[in-house]
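This briefing covers the fold, the confidence values and a few selected residues. Please read the points below alongside the sequence and the coordinates.

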Amino acid sequence: MFTCVLCEKETVITTNLCEKCRRIKHLINLYEERVYEVLENVLVRNTEGQLKKETQEISKDIEKKKEYNLRSVKKEEIKESKK
Ligand SMILES: [Zn+2]
């Protein structure tokens with residue numbers, strides 16, 4: 001048995017990361033640099049307005065993702081129509 005390499009608190013048996021930290025790693029894979037920016041911007045701030053800021057950041061990311069997905073779909077449709 002080992003300790004999670006990220007939080008260094010949870011006990012892990014077959015992996016390096018505990019479940020919560022694996023989730024964080026997954027988010028880093030998805031959002032890359034944004035994760036670090038959001039953590040700095042949101043958590044390093046004082047508690048006033050924290051939740052508001054977090055919600056705004058997440059909403060922005062969701063909107064960006066929607067736009068990206070729409071663009072991807074359009075590209076796929078174009079590819080399909082050329083066949
Ligand atoms: Zn952990």
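Two residues are in contact if their C-beta atoms, placed from the backbone, lie within 7 Å. The model is predicted. The protein has three helices and two strands, and from the N terminus on these elements follow the order β-β-α-α-α.

**Confidence**
- The mean pLDDT of the protein is 85, and 82% of the residues score at least 70.
- By element, confidence is highest in α1, with a mean of 96, and lowest in α3, with a mean of 78.
- Where pLDDT is low, the predicted coordinates should not be read in detail.

**Burial and contacts overall**
- The protein has 83 residues, and buried residues make up 0% of them.
- A residue needs 20 or more other C-beta atoms within 10 Å of its own to be buried.
- Of the contacts between residues at least 6 apart in sequence, 6% join residues at least 24 apart.

**Helix α1 and the residue after it**
- Which residue takes a positive phi just after α1? Glutamate 32 does, at about 50 degrees.
- Glutamate 32 belongs to the loop between α1 and α2, and α2 covers residues 33-43.
- Is glutamate 32 buried or exposed? Glutamate 32 is exposed, because 10 other C-beta atoms lie within 10 Å and a residue with 12 or fewer counts as exposed.

**The loop between the strands**
- Glutamate 8 sits in the loop between β1 (2-3) and β2 (11-12).
- Phi of glutamate 8 is near 55 degrees, a positive value in a residue other than glycine.
- Most residues other than glycine have a negative phi.
- Glutamate 8 has 9 other C-beta atoms within 10 Å and is therefore exposed.

**Two residues of helix α3**
- Glutamate 57 is part of helix α3, which covers residues 50-82.
- With 15 other C-beta atoms within 10 Å, glutamate 57 is partly exposed.
- Which residues does glutamate 57 touch, not counting those up to four places away in sequence? They are Val38, Asn41 and Val42.
- Glutamate 57 and arginine 34 are 23 residues apart along the chain, and their C-alpha atoms are separated by 9.5 Å.
- Lysine 53 also lies in helix α3.
- Lysine 53 is partly exposed, with 15 other C-beta atoms within 10 Å.
- Lysine 53 and leucine 43 are ten residues apart in sequence, with 9.7 Å from C-alpha to C-alpha.
- An α-helix has 3.6 residues a turn, so residues three or four places apart point the same way.

Key:
Residues are numbered from 1 along each chain as its sequence is written. This is a predicted model: local features need pLDDT of at least 70, side-chain atom pairs count only at pLDDT 80 or more; totals for chains, interfaces and linings use all residues. Helices (H or I, at least four residues) and strands (E, at least two) are DSSP runs, numbered from the N terminus. pLDDT is the predictor's confidence in each residue, from 0 to 100.
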